[in-house]
Number of protein chains: 2
Amino acid sequence: MQNITITGIQTKDARFPLEDGAGSDAVHSGAEYAFAVTQLQTDKGIQGTGICLTLGTGNQLVCEAIEYLSAHLRDLDIEELMSNFGVVSRSMADEPGMRWLGPHKGVVHLALASIVNACFDLWAKARQVPLWRLLLDLTPEQLVDLLDFHYLEDHLTREEALAIFRDHLATRARREGVLRTGYPGYDTSVGWFQYEDERIRENAKKALDSGFQAIKLKVGSKDGERDVRRANLLREIVGSQGTIMLDANQQWTLAEARKMCAALAPMNPYWVEEPTHPDDIQAHRELAREIVPMRIALGEHVPNLVLFKNFIEAKAVHFMQPDCTRLAGVSEFITASLLARKYGLPVVPHVGDMGQIHQHLVLFNHIAMGHEALFLEHIPHLRKHFCHPATVSNGVYQTPQEPGLSSDLREATAGGR
Amino acid sequence: MQNITITGIQTKDARFPLEDGAGSDAVHSGAEYAFAVTQLQTDKGIQGTGICLTLGTGNQLVCEAIEYLSAHLRDLDIEELMSNFGVVSRSMADEPGMRWLGPHKGVVHLALASIVNACFDLWAKARQVPLWRLLLDLTPEQLVDLLDFHYLEDHLTREEALAIFRDHLATRARREGVLRTGYPGYDTSVGWFQYEDERIRENAKKALDSGFQAIKLKVGSKDGERDVRRANLLREIVGSQGTIMLDANQQWTLAEARKMCAALAPMNPYWVEEPTHPDDIQAHRELAREIVPMRIALGEHVPNLVLFKNFIEAKAVHFMQPDCTRLAGVSEFITASLLARKYGLPVVPHVGDMGQIHQHLVLFNHIAMGHEALFLEHIPHLRKHFCHPATVSNGVYQTPQEPGLSSDLREATAGGR
């Protein structure tokens with residue numbers, strides 16, 4: 001391995017207007033997606049790129065937080081940095097002045113996500129391998145040294161994490177077939193909130209024709225009947241065996257969630273996503289008990305593992321949806337996946353990265369931890385802006401082969417500010 | 001009442017270096033305090049000032065978030081704005097693009113605190129009364145229209161809040177004596193983390209001599225014996241009947257908190273503050289059960305009422321310490337106090353405002369809701385920077401008489417950036 005030193009850090013406020021109701025949900029009007037981009041320059045010409053998602057407004061704030069937090073990465077050797085990354089990432093998360101602004105949530109934690117992802121991207125490029133390969137080639141000890149278990153000790157220790165990796169080493173070959181067959185996707189773009197019924201009908205047919213086995217519908221209308229009508233419309237098209245997920249994007253109060261889950265139960269959704277406020281562990285716990293056999297998915301707005309551990313302990317979540325652009329990047333995502341594995345919960349990432357990074361991570365989760373290869377969200381809005389857009393064929397993510405995290409953006413198309 | 005229109009909004013990044021270990025705790029090195037200041041200009045010359053606290057780094061981020069969020073206050077009449085403030089504050093909290101950065105936490109919510117406080121300051125100045133008077137003069141209906149109960153409905157409804165205010169109207173006179181006698185203070189500046197033993201000893205004696213009935217010590221050393229030694233030293237000076245609070249500032253894991261609470265129990269602290277990570281409801285719940293009769297205080301890092309409600313439901317907190325510069329300002333503080341009142345918990349604010357605004361709010365809590373007049377934290381570091389610094393005599397806050405929230409800063413001394 002060659003020595004590669006970080007010589008400079010730049011940020012980019014990259015904005016992408018969305019068209020025609022794409023990206024809309026019950027609480028987000030969906031006019032714009034944006035990435036707060038971290039670019040690590042090196043003495044060898046290669047560059048590490050990290051991203052985290054925002055909805056445009058305030059993306060600049062995340063970029064500024066990246067500048068504050070990343071300053072002390074300058075002059076570090078990438079291999080040395082990554083040999084002890086759990087300690088480094090924690091020291092950034094606990095930077096005394098910035099910690100007050102969270103801790104471990106909000107703008108500062110989003111910034112950390114972008115920085116951490118840039119470090120992993122640079123590392124994988126330095127070794128000239130895609131992220132999934134990089135991670136699979138590490139020993140259990142090296143993997144665990146990437147992670148920060150602070151405040152998790154009562155639920156997941158370093159030793160337990162080591163044991164999960166070690167226990168799955170012998171059977172890896174059995175699961176590596178996924179690298180050839182690809183990881184299944186599901187289609188989120190069938191039923192954005194602002195789409196008309198007819199458009200949803202057409203999209204659903206297209207999704208099925210193109211090989212997707214599962215699709216998602218946005219719910220959370222002021223008018224509950226609209227939700228029920230659209231859900232039933234989808235069920236009719238997909239058939240009784242098809243997989244449909246419903247996503248309320250936090251729109252309901254607990255009382256509304258109770259009522260709407262009862263109204264939507266007959267169409268048998270695979271999960272109900274973000275039924276109410278993402279901090280409300282108790283509300284999700286009560287709902288989870290009451291709506292059996294319906295199940296709850298959440299995580300896109302859970303900012304750290306302390307909160308995830310509370311959701312798990314309360315049995316308030318059935319499908320964990322961590323996002324490496326909301327949590328502190330690749331490493332906190334891996335820790336979240338270990339936590340989920342220990343407690344027997346499937347990991348179905350939310351893809352703030354449009355699936356670019358998570359397509360690597362779900363392969364790793366499956367092969368190295370034995371997580372079920374369920375399916376990964378597919379959102380193609382920003383395809384044209386990536387240098388190596390994820391390729392989904394016949395409803396299946398094709399295993400990426402380019403070095404890094406697949407998150408490099410094409411300079412020409414990213415409308416920076 | 002005259003019509004007063006908001007004609008412009010300015011922000012100020014005001015920084016205040018601290019000297020000599022003041023402000024230090026187990027996780028914050030304490031070199032600097034800062035306020036992200038909102039200034040509402042009007043057509044009548046008077047100005048509304050709002051503040052929220054940060055520890056310096058990143059204060060500029062909060063100022064920028066204020067600029068984004070406050071833009072639509074321009075051209076509004078202050079009386080009209082405040083007549084329906086619950087709806088306005090919620091619409092700012094849920095601004096679609098910014099909401100992704102939280103929701104309801106971090107930089108964006110700190111910005112909202114500063115904005116909301118500026119609105120209340122302007123309103124009180126427009127009516128030429130101090131905040132406590134302004135609030136006491138409102139009817140229960142007017143008070144409740146200031147508040148946002150969204151996502152709280154399962155624990156506190158608008159009707160329940162109305163009932164709390166109405167039920168205490170008839171007995172207000174009984175509690176109004178506090179306006180003459182003043183509200184008791186407690187001294188936080190006895191035992192900052194970096195202070196040497198001898199200094200703590202001197203400070204404690206000074207605090208007792210100057211009339212304080214309660215004092216606080218920072219704990220959370222890597223070396224647990226240091227904590228125990230210092231706590232016992234304070235107990236010796238204060239005597240067995242004196243009130244001492246211990247503050248760990250989130251430093252301990254659950255296992256460490258268990259061990260340290262056992263070691264500190266013999267010196268009989270009045271409460272243990274922030275024993276572990278502020279998002280960890282489960283850890284606080286378990287600790288609360290195990291350390292009886294010791295009691296837990298927390299709130300300075302609880303960003304919204306959804307989380308407070310979860311702490312209360314879990315019986316994970318005994319003393320609520322909401323801060324109107326962490327929550328979304330005066331109005332979310334009042335809602336927190338109503339929630340606490342319903343569940344029988346004392347409110348002992350954390351004073352990110354150095355007590356300037358909270359000295360009004362605790363008077364209101366006592367008179368209008370029947371909260372016990374326990375004591376209010378006193379931190380004098382920034383006295384000289386306020387136009388009307390809180391006056392504590394013989395350990396008691398003197399009731400402020402100047403119009404507004406007492407949070408105007410002297411321009412000359414605030415080292416803005």
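Predicted model: local features only at pLDDT ≥ 70, side-chain atom pairs only at ≥ 80, totals over all residues.
**Asn268(B)**

I started with Asn268(B), which counts as partly exposed because 14 C-beta neighbours lie inside 10 Å. My cut-offs: buried takes 20 or more other C-beta atoms within 10 Å of a residue's own, exposed takes 12 or fewer, partly exposed is in between, and the C-beta atoms are placed from the backbone. Asn268(B) has a phi near 55°, a positive value in a residue other than glycine. I found Asn268(B) in the loop between helix H13 (254-264) and strand E7 (272-273) of chain B. Helices (H or I, at least four residues) and strands (E, at least two) are DSSP runs, numbered from the N terminus.

Residues are numbered from 1 along each chain as its sequence is written, and chains are lettered from A and ligands numbered from 1 in the order in which they are written.

**His104(B)**

Is His104(B) buried or exposed? His104(B) is buried, with 25 other C-beta atoms within 10 Å. His104(B) also has a positive phi, about 65°, although it is not a glycine. I located His104(B) in the loop between helix H4 (96-99) and helix H5 (106-126) of chain B.

**Cis peptide bonds**

I looked up Pro293 in both chains. Val292(A) and Pro293(A) are joined by a cis peptide bond with omega about 5°. For Val292(B) and Pro293(B), the bond is also cis, with omega about 10°. Pro293(B) sits in the loop between helix H14 (281-290) and strand E8 (296-298) of chain B.

**How the two chains relate**

A rotation of 180° with 0.0 Å of shift along its axis puts chain A on chain B, RMSD 0.0 Å. That is the relation of a two-fold axis. The copies are superposed by least squares on the C-alpha atoms of residues with pLDDT of at least 70 in both. Which residue of chain A comes closest to the rotation axis? I got Gly106(A), at 2.3 Å (C-alpha).

Next I checked the contacts, meaning pairs whose C-beta atoms, placed from the backbone, lie within 7 Å. I have 45 residues of chain A in contact with 45 residues of chain B. Among the elements giving two or more residues to this side of chain A are helix H1 (59-70) and helix H5 (106-126). By class, this side of chain A has 20 nonpolar, 16 polar and nine charged residues. For the classes, Ala, Val, Leu, Ile, Met, Phe, Trp, Tyr, Cys and Pro count as nonpolar, Asp, Glu, Lys and Arg as charged, and the others, Gly among them, as polar.

**The core**

The largest nonpolar core has 285 residues, of which Val107(A), Ala111(A), Val107(B) and Ala111(B) touch the most other members. Such a core is a set of buried Ala, Val, Leu, Ile, Met, Phe, Trp, Tyr and Cys residues joined through C-beta atoms within 7 Å. Not counting residues up to four places away in sequence, Val107(A) touches residues including Leu61(A), Leu61(B) and Val107(B).

**Chain A overall**

I noted 17 helices and 13 strands in chain A, and 58% of its 417 residues count as buried. The domain assignment (bounds from an automatic or database domain assignment) gives domain 1 (6-128) and domain 2 (172-416). The contact takes 36 residues from domain 1 of chain A and 38 residues from domain 2 of chain A. H5(A) supplies the largest share of the domain 1 side, 10 residues.

Methods
Contact = placed C-beta atoms within 7 Å.
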